[in-house]
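Trainee: I would like to go through this structure term by term, setting each value against its definition.
Mentor: Go ahead.

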Amino acid sequence: MKTIKLNGTEYDLITLDFETFYSKEYTLSGSMNTSEYVRDPRFHIHGVAIKRGEEPAQWFTTEQVKDVLASIDWPRTALIAHNTPFDGFIISEHFGYHPGLYIDTLSMARAAHGHHTRHDLDTIAKLHGLGGKVKKSALINTKDKEQLTDEESSALGAYACDDVSDTYGIFIKLLPHIPDDELRLIDMTMRMFCDPVLEIDIPRVKAELEREVGEKAAAIEKAGVPIEELMSGEKFAKHLEAAGAELPTKISPTTGKEVYAFAKSDLDFQELMKNGNDKVKALCEARLRAKSTIGETRAIRFLNAGQDGAKLPVLLNYSGAHTHRWSGGNRINLQNLKRGGELRRSILAPKGQMIVVADSAQIEARVLAWLAGQDDIVEAFANKQDVYKMMASAIYATPVEQITKDQRFIGKICVLGLGYGMGPQKLQQTLQQGVMGPPVDISEQECRRIVNIYRTKNWCIRHLWTTMDKAIECMTMGVEFKYKMLEFGKGYMRLPNGLFLQYYGLHGTAVQTRGDMILTETSYLTRTGRAKLYGGLLTENIVQALSRNIIANQMLAIDDAGYRIVTMTHDEIVIVCDENKAREALDFMIQTMSTPPKWAEGLPLSAEGGFDTSYSK
């Protein structure tokens, strides 16, 4: 295969792999992220292995790299690599080239193979009967060596050529399993990182970093305990005891042993934070400040990314989750930036342009109601009624127009949280932990009443869980099963976009009941062990996967309209455009994101958004 045609354009295939200097201190296996590594002054290219179409791979040394890359017609080229953000970012940062199409076999492997296995080149190559990294010693032998001997360079080149041949082989093997639209999404994802456009407000980030560091120092000073003793569970426990606190404990889900409950999400620790004496409260606050470094670390990475006016590379992992949703990458995860937070607001559009943000409203709740045939909720969404207030009205037997803000919040948690089979205890814990908003303390008895009201009112959703239990039985036994646009088979479910949700090694225990054989305790294999699967959880997986499909379709439509997508979250699409076209772009995005796909007739979608010179919306 020499070329690939995608979205009406034909591209020449170039598969390549850069080999670069690394050392104990300067390595991607340490604390550096990809963009920091490539932009570092120590960055040095030993060479690049290149395969043109089906031709044998060739090795080009340091002195040859510039000329060979200049010989490629990049706008007409599809770049293939395994971990394309690395190789593509090198080409962009150090040579100024941008391929017409980015193809990443790592992303393809995630989508095609599922998440029960590793997706590194060696593992995926061997899965497809290819060689894998049989010459890895050549790479190891170059550690700490900026200049290589001819012999070392030749051995490294042979290793790189093997990698390139395996990468091309993986591409050929996986291509039939990745729909064209998904290839376009992979390209779009790679382009966010390899050809970045967003900028960083450095003074704003510095101010945020100073605030983070200052508040941490103040909390530690108030506690009067050295930071290393706050970080140590045993030493922290002694300080709590000395302050008169009863030490909270829990059973570790990993070891099954009793351990201290000092995590932010531990309810007993939260109780100490609220109701302990002043000394205990100060200790707990200092412990959390000492342990939580994400704000500090992220601010530092922002400063590194925007140094000397550099653009912000946005790395998202295509099919990073089991449900094919994107996940955050580059050790910075822009998908979970706090709305309205200083770091989010520090992301800027280039001069003369605007950042336009459109957000799908309650997409998962809408998809769940539509999928279950819960017509009253579907109709309420279609009529732009406040579904959260409607749920609260049922819970508190109060007219919708009299529902308070606090009651609406409980209704919201129920709509968003109870649709997948959550029980009373889990609801109580979710509310107490403040997972979806401010913590709320409600008795287990009251939570049981609320759950019963939800399940009685939303009986179609409850019935969907039962239908998905049947689907799990069919997936386990290899019996074909269909529900609406979904097709189930042995260990898999086929989605409307042609991808699959995979449940590798699915099995359950057969139990005889009333003459029927049913499966209980069904589980499947993940990279970290076996995970349970039941109707409510499968429903959640499906809703998330379908919601992802919808957002992906909308991204493609927005891209087709000529708008540059620069990042996205699970329910949000972000573009950059000329400032005089921002209103037009937002209107188009809202219209697009309010239109259901062909396979979801009757699904009431809605979106809202705004635009600004910063990522403030």
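Trainee: How much space lies in the largest cavity?
Mentor: About 120 Å³. This is a predicted model, in which local features need pLDDT of at least 70 and side-chain atom pairs count only at pLDDT 80 or more, while totals for chains, interfaces and linings use all residues. Residues are numbered from 1 along each chain as its sequence is written, and side-chain values use heavy atoms, with hydrogens and water left out.

Trainee: What makes a space a cavity, and what makes one a pocket?
Mentor: On a 1 Å grid over the protein atoms alone, a cavity is a set of points where a 1.4 Å probe fits but cannot get out, whereas a pocket is an open set with protein on both sides within 12 Å along at least five of seven lines. Lining residues have an atom within 4 Å of a point. Points are joined across faces, edges and corners, and the volume is the space filled by probe spheres set on them. The whole structure holds five cavities of 30 Å³ or more.

Trainee: Which residues lie nearest the centre of the largest cavity?
Mentor: Ile377, Val387, Val415, Tyr454 and Asn458, out of 13 lining residues. Helices H16, H17 (375-382), H18 (387-396) and H21 (444-457) each give two or more residues to this lining; helices here are DSSP runs of H or I with at least four residues, strands are E runs of at least two, and both are numbered from the N terminus.

Trainee: How does the lining of the largest cavity divide by residue class?
Mentor: Into 10 nonpolar, one polar and two charged. Nonpolar covers Ala, Val, Leu, Ile, Met, Phe, Trp, Tyr, Cys and Pro; charged covers Asp, Glu, Lys and Arg; the others, Gly among them, are polar.

Trainee: How much space lies in the largest pocket, and which residues are closest to its centre?
Mentor: The largest pocket has about 1,300 Å³ of space.

Trainee: Why is helix H3 called largely enclosed?
Mentor: Buried means under 20% relative accessible area, exposed over 50% and partly exposed in between, with a 1.4 Å probe and protein chains only. Nine of the 12 residues of H3 are buried, so the rest of the structure largely encloses this helix. Phe86 is one of the buried residues of H3. Contact means heavy atoms within 4.5 Å, and the elements that the buried residues of H3 pack against include E2 (9-20) and helix H8 (180-194).

Trainee: Why is Serine 319 called buried?
Mentor: Its relative accessible area is 0%, so Serine 319 is buried. Serine 319 lies in the loop between strands E10 (316-317) and E11 (327-328). Leaving out residues up to four places away in sequence, Serine 319 touches Arg110, Ala111, His115, His324 and Arg325.

Trainee: What makes the protein chain as compact as a globular protein of its length?
Mentor: The chain's secondary structure comes to 24 helices and 23 strands. Its radius of gyration is 27 Å, close to the 25 Å that the globule rule gives for 617 residues, so the chain is as compact as a globular protein of that length. The radius is taken over C-alpha atoms, and the rule is 2.2 Å times the number of residues to the power 0.38.
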